[in-house]
Structure formats: C-alpha cells, structure tokens
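Please read the report below alongside the sequence and the coordinates. It moves from a working definition to individual charged pairs, and then to the chain as a whole.

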Amino acid sequence: MTVDNGTLVVEIEGLDKLWALKSRLAIPLANVRGATADPGIAREPKGIRAPGAHIPNVVTAGTFHLDGEKVFWDVHDPRKAVVIELADERYARLVIEVEDPRAVVALVEHSIR
C-alpha cells in the first residue's frame with residue numbers, strides 16, 4: 001500500500017490477484033475517511049462473496065456484500081489487518097493485510113489530513 005500523487009494505491013500480490021479478481025485498487029485520498037488496525041475484523045460476518053474466495057483460517061479475498069455495502073477483503077493473517085473507511089467509492093471499506101499495520105494506519109491518517 002502506498003500513497004502516490006493524492007491517491008491511495010493498494011497492489012494485490014500473488015495468488016490473491018486470482019482469488020480477489022483484482023490486481024490494484026486506486027482510491028483518491030479525498031474519499032478516504034480513515035484507517036484502523038483491526039485484528040478482530042476477521043471474526044466479523046463477511047457477507048455474501050461475489051466474486052472472491054473465503055477459506056476459513058486461510059484466506060479471505062475479493063468483494064463481499066454486507067448490509068447493502070461492498071467491502072473489499074485481502075487478508076490471510078488477521079493480526080495484520082487494516083480497515084480503511086471510504087466514502088463515495090465502489091467499496092465502503094477495504095480490509096487489507098499489510099506487513100506493519102501501525103505504519104500503514106499512520107501513513108493513511110497523515111495523508112488525509
């Protein structure tokens with residue numbers, strides 16, 4: 001995950017591209033509301049998968065529909081999950097696994113100020 005020229009860029013890596021049916025997401029920072037590290041999110045209901053993959057304790061990747069919202073997931077290790085809240089986008093939130101959740105949250109929060 002990077003911030004480039006006013007855009008939050010999420011690069012999907014490895015087989016997750018196949019499972020999520022995405023290779024990259026680009027979100028204008030103006031539409032990013034905030035980010036939190038949330039390892040407990042993996043225990044929450046995901047909703048209806050369409051399209052994507054959900055293999056419990058292995059991977060959750062792709063688009064999930066829950067309570068009238070679309071949520072994008074790409075998580076193997078819930079301890080490294082970051083939730084990014086969006087407005088006026090295709091997805092209401094992104095749930096993404098990152099190497100250093102605290103650093104990513106700091107990057108996002110700093111970038112949207």
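A salt bridge is taken here as a side-chain nitrogen of Lys or Arg within 4 Å of a carboxyl oxygen of Asp or Glu. The model is predicted, and a search of the whole structure finds five salt bridges by that criterion.

One of them joins the side chains of E11 and R24, with N and O at 2.9 Å. Because E11 belongs to strand β2 (residues 7-11) and R24 to strand β3 (residues 24-28), this pair ties together parts that are 13 residues apart in sequence. E11 is partly exposed, its relative accessible area being 44%, and R24 is likewise partly exposed, at 45%.

A further salt bridge runs between R93 and E69, whose closest N and O atoms are 3.1 Å apart. Here R93 sits in strand β9 (residues 93-97) and E69 in strand β7 (residues 69-75), so the pair ties together parts that are 24 residues apart in sequence. E69 counts as partly exposed, with a relative accessibility of 33%.

The side chains of E99 and K80 also meet in a salt bridge, at 3.3 Å from N to O. This pair links distant parts of the chain, since E99 lies in the loop between β9 and α2 (101-112) and K80 in the loop between β7 and β8 (81-86), 19 residues apart. E99 counts as exposed at 65% relative accessibility, whereas K80 is partly exposed at 24%. Salt bridges that share partners also join E69, E85 and R93 into one network.

The three pairs described above are set out here.

| Pair | N to O distance |
|---|---|
| E11 and R24 | 2.9 Å |
| R93 and E69 | 3.1 Å |
| E99 and K80 | 3.3 Å |

Turning to the whole chain, the protein has two helices and nine strands, which follow one another along the sequence as β-β-α-β-β-β-β-β-β-β-α. A compact globule of 113 residues would have a radius of gyration near 13 Å, and the protein chain agrees with this, having 13 Å. Along the principal axes, the C-alpha atoms fill a box of roughly 35 × 25 × 25 Å.

Of the 113 residues, 41% count as buried, and the accessible surface comes to about 6,400 Å², of which 50% belongs to carbon and sulfur atoms. Among contacts between residues at least 6 apart in sequence, 43% join residues at least 24 apart. The chain carries 14 positive and 17 negative side chains, and the centres of these two sets lie 2 Å apart.

Terms used:
Residues numbered from 1 in each chain as written. Predicted model: local features only at pLDDT ≥ 70, side-chain atom pairs only at ≥ 80, totals over all residues. Heavy atoms only, no water. Helix = DSSP H or I, 4+ residues; strand = E, 2+ residues; numbered from the N terminus. Rg over C-alpha atoms; globule rule 2.2 N^0.38 Å. Buried < 20%, exposed > 50% of the residue type's maximum accessible area, 1.4 Å probe, protein only. Contact = heavy atoms within 4.5 Å. Areas by Shrake-Rupley, 256 points an atom, 1.4 Å probe, with all protein chains shown as cover. Lys, Arg positive; Asp, Glu negative; His and termini not counted. Charge placed at Lys NZ, Arg CZ, Asp CG, Glu CD.
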